[in-house]
Amino acid sequence: MAVAAVAALALSACGGGTEKAESKPEATTSGSGAPSVFPVTVEHKYGSTTIDKEPKRVVTLGLSDQDAVLALGVKPVGAVDWFKEDPYGKWPWAKDKWGSDKPQIVGERDEYNVEKIAALKPDLVVAQYSGMKKEQYDTLSKFTKVVAQPKGVPDYGASWQVMTRQIGKSLGKADETEKLIEGIDARFEAVRAKHPEWAQKTLAVADSFEAGKYSAFTKTDPKSIFFQELGFQLKPEIDTLAKPGWNVAELSAEKLNVLDVDRLVWVTSSTDANTRIKAEPLYKKLEVNQDKRDLFVPYQDPDIGAAFSFNTVLSIPYAIDEIEPLLTAIK
């Protein structure tokens with residue numbers, strides 16, 4: 001679509017807004033009478049964005065951004081569809097936060113429908129776990145405030161702490177955000193204290209979408225980050241096999257030996273995939289398979305894989321509760 005046409009629609013719908021320098025507004029107070037933290041300035045991949053007042057209508061464009069927004073007491077009015085299904089409510093860790101409300105679907109993965117976003121009249125768009133392009137950022141910034149993915153890390157490569165702080169600062173809830181993060185850090189610390197032996201174990205997370213093709217996730221992927229925070233060591237060789245900027249290494253059957261670790265977690269979407277992986281002759285030769293130190297975890301039903309794939313302040317407690325007994329059962 002033409003940028004000019006989109007901008008015209010957006011400006012008529014929302015009254016416009018740019019990132020140009022403005023005179024600072026006078027200090028305001030929150031509804032409780034306490035001094036407001038606004039304006040706040042949040043740095044990101046494409047510069048910085050100054051948010052003048054508390055956002056009320058938030059659109060999230062990252063895979064898991066909505067979780068941090070929900071955890072801070074705000075229900076997004078728009079979200080993107082990553083799974084060809086409702087990206088809300090289905091996940092057990094967020095269901096109560098959504099209640100009966102549902103966001104408008106404004107795109108699929110990194111393809112955003114700017115007209116739909118503009119029609120929602122958002123006062124803030126956040127895109128943390130995303131691959132937002134500069135032209136997308138520029139177009140959206142013509143009519144609303146946009147906080148793009150964190151700077152200094154690859155797309156889809158920032159930790160859950162960084163992304164949560166970006167969202168928390170954008171919403172004017174930095175103090176509340178730190179309390180949330182401290183609570184999650186305490187959960188991880190408790191697991192590490194309970195299982196000190198995990199610190200001596202290597203672990204890899206893998207998947208397979210079709211026969212003969214396998215994926216191993218690097219240290220920047222949320223799944224790997226989750227298990228590292230449980231106390232496990234990751235395998236550096238996986239990072240060296242990934243393409244620059246990717247958080248996954250693509251493996252042929254001949255490369256499966258890189259997955260011969262102390263604990264191997266397969267996160268798959270079907271029992272057919274599990275059967276196919278187990279039937280691979282070269283996989284059968286791995287000690288991790290022969291010693292039954294591999295674990296096949298469903299992405300959904302139950303939503304264990306989805307929980308540690310999201311790796312958010314909402315999903316992490318659920319993921320810990322579900323995966324800890326499965327890991328403990330491996331001898």
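Biologist: Is Trp91 buried or exposed?

Modeller: Keep in mind that this is a predicted model. Buried means under 20% relative accessible area. Trp91 has 2% relative accessibility, so Trp91 counts as buried. Trp93 is buried too, with a relative accessible area of 9%.

Biologist: How many aromatic pairs does the structure hold, and how are the planes of Trp91 and Trp93 placed?

Modeller: There are 15 aromatic pairs in the structure. To class a pair, look at the angle between the ring planes: under 30 degrees counts as stacked, over 60 as edge-to-face. The ring centres of Trp91 and Trp93 lie 5.4 Å apart with planes at 15 degrees, so this pair is stacked. Ring pairs also join Trp91 and Trp93 with Tyr299, Phe310 and Tyr318 in a cluster.

Biologist: And what about Phe188 and Phe226?

Modeller: Their planes stand at 65 degrees and their centres are 5.8 Å apart, so that pair is edge-to-face. The pair links distant parts of the chain, 38 residues apart: Phe188 belongs to helix α7 and Phe226 to helix α8. Phe188 is buried at 1% relative accessible area, and Phe226 is buried at 0%.

Biologist: Which residues of α6 does α7 meet, and at what angle do the axes cross?

Modeller: For the direction, an angle over 145 degrees counts as roughly antiparallel. The axes of α6 (residues 160–170) and α7 (residues 174–194) come within 9 Å and cross at roughly 160 degrees, which means α6 is roughly antiparallel to α7. Their crossing is right-handed. On the α6 side, Trp160, Gln161, Thr164, Arg165 and Gly168 make the contact; α7 brings residues including Ile181, Ile184 and Phe188. By class, this contact has five nonpolar, four polar and three charged residues.

How values were computed. Residues are numbered from 1 along each chain as its sequence is written. This is a predicted model: local features need pLDDT of at least 70, side-chain atom pairs count only at pLDDT 80 or more; totals for chains, interfaces and linings use all residues. Side-chain values use heavy atoms; hydrogens and water are left out. Axes are lines fitted to C-alpha atoms, for helices over the stretch in contact, and angles run from 0 to 180 degrees between N-to-C directions. Helices (H or I, at least four residues) and strands (E, at least two) are DSSP runs, numbered from the N terminus. Angles under 35 degrees count as roughly parallel, over 145 as roughly antiparallel, 65 to 115 as roughly perpendicular and the rest as oblique. A crossing is left-handed if the near helix is turned anticlockwise from the far one by less than a right angle, and right-handed if clockwise. Contact means heavy atoms within 4.5 Å. Ala, Val, Leu, Ile, Met, Phe, Trp, Tyr, Cys and Pro count as nonpolar, Asp, Glu, Lys and Arg as charged, and the others, Gly among them, as polar. Rings of Phe, Tyr and Trp (its six-membered ring) pair if their centres lie within 6.5 Å; planes under 30 degrees apart count as stacked, over 60 as edge-to-face and the rest as tilted. Buried means under 20% relative accessible area, exposed over 50%, partly exposed in between (1.4 Å probe, protein chains only).
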